[in-house]
Amino acid sequence: MKTAMLHNKIININRVSREMFQSLYDNGKKGHLQCPVCKEKVRFYIGINQEPHFYHIPELNHTCKDPDDSPSIPQEKVEYEERNGFRLPVSRTITAVQESDSKIKQAQMVKNIPPFIPETMSKYNCSFHYLRTLAQSGVILDSEQADAVCRTEGPLLVLAGAGSGKTRVLTTRTAFMIQEKEIDPKSIMLVTFTAKAAAEMKERLSRYPNMERLQIRQIVSGTFHSLFYRILSFHAPEKWSSDKLLSKGWQREQMIKHAGRELHLDEKEFAYDLALQQIGFWKNTLISPEQVRPTSSWEESVVNLYKKYEQAKEKEGLFDFDDMLTGCYDLFLHNPAILENYQNRFQYFLIDEFQDINKVQYELIKMLSAKSKNVCAVGDDDQSIYAFRGSDPKYLLDFEKDFPGAEVIALKQNYRSTHEIVSTANQVILQNKKRRAKKMKAQYTGEKFPCLFFPFDEEEEATSIVTDIQEKIEEGFEPKDFAILFRTNTGSRAVFERLANSSLPFRIDQDAESFYDRFIVRSMLSFLKLSLNEDEKGAMQNILPALFMKQTVIKDMMAESILNDCTLLECLKHVKTGFAFQERKFKKVVPVIRSIAHLSPIMAIEKIEKELGFQDFIKKRGNEGNKIEKGSDDLKDLKVAAKSFTSILDFLEHTEHMRAMNKEIKQQSKKNQNAITLSTVHRAKGLEYKVVYIIGAVDGSLPHDHALEAYRNGDFAPIEEERRLMYVAITRAMNHLYISVPEKNRGRKAYPSRFLSPLIREKANQNQ
Ligand SMILES: Nc1ncnc2c1ncn2[C@@H]1O[C@H](COP(=O)(O)OP(=O)(O)OP(=O)(O)O)[C@@H](O)[C@H]1O
């Protein structure tokens with residue numbers, strides 16, 4: 001049905017603003033919507049499979065039809081005003097007698113999928129007993145995979161496309177070396193990209209025939225960092241003790257900003273996040289500050305920061321993650337006897353995700369394997385997504401040059417995904433210029449084509465996905481079958497909220513902070529809090545930076561509030577700074593904060609922004625020089641969240657609830673295996689799910705704004721890396737893939753990700 005009653009007024013979805021759909025959905029959930037015919041409760045559908053509509057609760061079995069629009073039923077007119085891309089209702093009701101402002105665009109299947117032509121699996125003649133035993137226990141290999149498993153001696157490069165079984169190859173090869181070739185597990189070094197991947201491989205090994213626990217334990221496995229750190233702390237435990245590690249991002253940021261102040265770098269204009277990235281890049285490429293040849297004034301400043309940062313660390317005896325690698329490199333370089341010891345100990349190297357290796361890691365492996373030469377590198381240049389950290393697929397592409405006599409085996413069969421998903425991924429990645437030409441081939445065809453859907457904004461996107469998951473769970477899917485993938489953590493706010501308000505179990509990354517704990521967001525929310533409680537000390541402390549006041553002022557204000565028997569907020573009127581303009585401003589803060597108490601949260605935010613100079617604060621303290629995470633983006637996201645609420649109290653309660661949920665979900669994430677995964681694309685690498693939703697597939701989000709900017713300046717590398725991110729995201733899906741293209745992003749009109757062009761445009765010739 002297109003019509004329903006809300007508070008005795010009729011609503012026709014063709015005439016209501018799309019902005020209000022989410023609110024209709026929430027009203028339906030609360031039981032506030034009625035059928036105009038039978039007067040029973042109805043709900044509002046926002047999903048992927050059908051257009052938005054009102055529906056009766058299924059148990060009722062009602063089949064009412066839309067009534068003709070009748071003038072006897074009151075319909076209320078609402079005035080809107082448009083500000084900064086947000087349509088703000090001037091009155092608070094929901095209905096509007098006007099044509100809807102944004103047409104509903106139906107979900108569509110991706111285009112240009114060629115017909116599936118099945119291929120028979122290449123068989124291999126197996127003379128090895130252990131491989132036959134493995135096959136009997138269900139671990140089947142195709143001939144290329146078997147080849148990669150059996151060639152244990154000498155350098156070997158396995159070019160493995162997404163889902164082609166490289167994890168299977170690596171684990172089987174390890175088991176094969178131990179069982180068939182009787183190689184000592186202690187002489188095997190297995191390098192993975194994450195600790196989780198290493199644990200998973202060992203877990204898989206434990207299920208292989210004849211593998212003993214002790215043998216598995218004896219294999220030296222882990223990430224580059226953990227392995228080389230183990231070596232360093234064995235040789236110099238004092239120097240490398242873990243309490244000296246700058247393990248948190250903010251610790252490194254603090255150090256670099258301190259160095260920046262000495263160099264008079266303006267925090268509001270200088271991209272500290274990029275500077276830290278650049279320093280990491282130089283360190284990982286073994287370029288010392290003295291060796292850098294700056295190509296711009298920005299790089300010149302970063303080199304100076306690099307020098308100061310290194311000096312500060314050395315002075316305080318601290319180290320960062322990059323030092324673990326460069327430290328080990330120096331250890332081997334200056335102590336040939338120690339190096340030789342390890343060269344004799346490790347005879348076989350298996351390295352996963354080789355496309356993401358950086359120079360220092362590459363050099364370390366070359367040093368360690370110089371005697372044995374038994375390096376098996378497995379990787380896919382199309383999945384290289386860490387260039388910003390110094391990773392470079394050129395090491396994969398140049399492997400044969402550096403390891404003479406290396407064999408190369410290509411795994412091109414994709415066992416994970418349907419033909420439709422593999423073709424979608426192929427079409428996307430084909431647009432990249434810098435890559436080894438190859439095309440993945442699927443093993444089977446699925447019933448469903450990947451689907452593009454077009455929600456109005458982040459809120460509708462989240463609701464559509466949760467509805468779709470609920471529908472699929474009713475069909476028999478399990479929560480663990482689903483993943484929702486996004487470019488950056490802040491992009492997941494709305495899906496987090498919708499899932500937190502559902503009964504569906506889900507998991508998030510341990511380092512994913514609550515959106516409402518972000519610095520700029522917390523400051524703005526504190527203004528709202530003070531409008532409801534003028535004595536809230538925490539909120540007052542949080543707004544002090546936004547008013548450019550020192551934290552120490554709070555003590556005077558508390559004393560003042562007792563002496564004058566006034567609220568903490570009122571005390572602002574009496575704060576003395578010695579600057580008349582500042583004292584005038586503080587006096588103005590009090591009435592402004594009081595005046596917002598009865599406004600809707602979004603209007604209150606706009607007022608704070610406009611009348612209390614919040615934008616100046618963002619410019620100074622919002623990391624606006626950053627390229628990836630900016631305070632101004634956080635404020636835009638906050639407005640999107642706020643627009644679903646009509647009162648500040650409700651909104652603040654919601655934000656507190658979400659902060660608490662963030663902690664709770666993180667706790668549960670450790671234990672709950674059967675849960676929906678919420679993850680950045682970076683974190684999802686190497687994983688697979690039956691159903692994948694990629695959210696925010698619009699220019700500015702994926703590809704990220706910073707890559708678009710680089711592209712406009714003639715640098716194509718970041719946009720190619722973003723396309724690889726899209727490729728990685730698509731290839732996580734086994735059976736179902738949904739790509740969300742919201743019409744609005746952060747309150748502004750958005751345009752479909754340029755990476756989707758080959759999937760949207762009809763091609764004349766479909767011989768892909
Ligand atoms: N020979 C095979 N026959 C059948 N299934 C296979 C075969 N090899 C691998 N698979 C299955 O294909 C899927 C993908 O394998 P795996 O996870 O090892 O791929 P991958 O190359 O590591 O993927 P990615 O690089 O995309 O993370 C897994 O579900 C695995 O069990």
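The model is a predicted one, and every value below is computed from it. Strand β20, which spans residues 676-680, has five of its five residues buried, while helix α3 and helix α4 pack against each other at an angle of about 45°.

**Packing of α3 against α4**

- Helix α3 covers residues 143-150 and helix α4 covers residues 166-179, and where the two pack together their axes lie 8 Å apart, at an angle of about 45°.
- Because of that angle, α3 is oblique to α4, and the crossing in which α3 passes α4 is right-handed.
- On the α3 side the contact is formed by Gln145, Ala148, Val149 and Cys150, and on the α4 side by Val169, Thr172, Arg173 and Phe176.

**Strand β20 and its partners**

- Strand β20 is mostly covered, and this holds on both of its faces, with Ile676, Leu678 and Thr680 buried on one side and Thr677 and Ser679 buried on the other.
- Strand β18, made of residues 482-486, runs parallel to β20 and is joined to it by four bridges; in this region isoleucine 484 has leucine 678 of β20 as its bridge partner.
- Strand β19, made of residues 506-507, also runs parallel to β20 and is joined to it by two bridges, and arginine 507 has threonine 677 of β20 as its bridge partner.

- Three strands form an open sheet in the order β2-β1-β3, and their pairing is antiparallel.
- The edges of this sheet are β2 (9-12) and β3 (33-34), each of which pairs on one side only.
- Strand β1, residues 3-6, is connected to β3 by two bridges in an antiparallel arrangement, and methionine 5 stands opposite glutamine 34 of β3.
- In general, the strands of a sheet pair through backbone hydrogen bonds, in either a parallel or an antiparallel manner.

**Threonine 326 in α11**

- Threonine 326 lies in helix α11, which runs over residues 321-334.
- Its relative accessibility is 14%, and threonine 326 therefore counts as buried, the cut-off being under 20%.
- When neighbours within four places in sequence are set aside, threonine 326 is in contact with Lys283, Leu286 and Val360.

Conventions:
Residues are numbered from 1 along each chain as its sequence is written. This is a predicted model: local features need pLDDT of at least 70, side-chain atom pairs count only at pLDDT 80 or more; totals for chains, interfaces and linings use all residues. Side-chain values use heavy atoms; hydrogens and water are left out. Axes are lines fitted to C-alpha atoms, for helices over the stretch in contact, and angles run from 0 to 180 degrees between N-to-C directions. Angles under 35 degrees count as roughly parallel, over 145 as roughly antiparallel, 65 to 115 as roughly perpendicular and the rest as oblique. A crossing is left-handed if the near helix is turned anticlockwise from the far one by less than a right angle, and right-handed if clockwise. Contact means heavy atoms within 4.5 Å. Buried means under 20% relative accessible area, exposed over 50%, partly exposed in between (1.4 Å probe, protein chains only). Two strands pair if DSSP finds at least two bridges between them.
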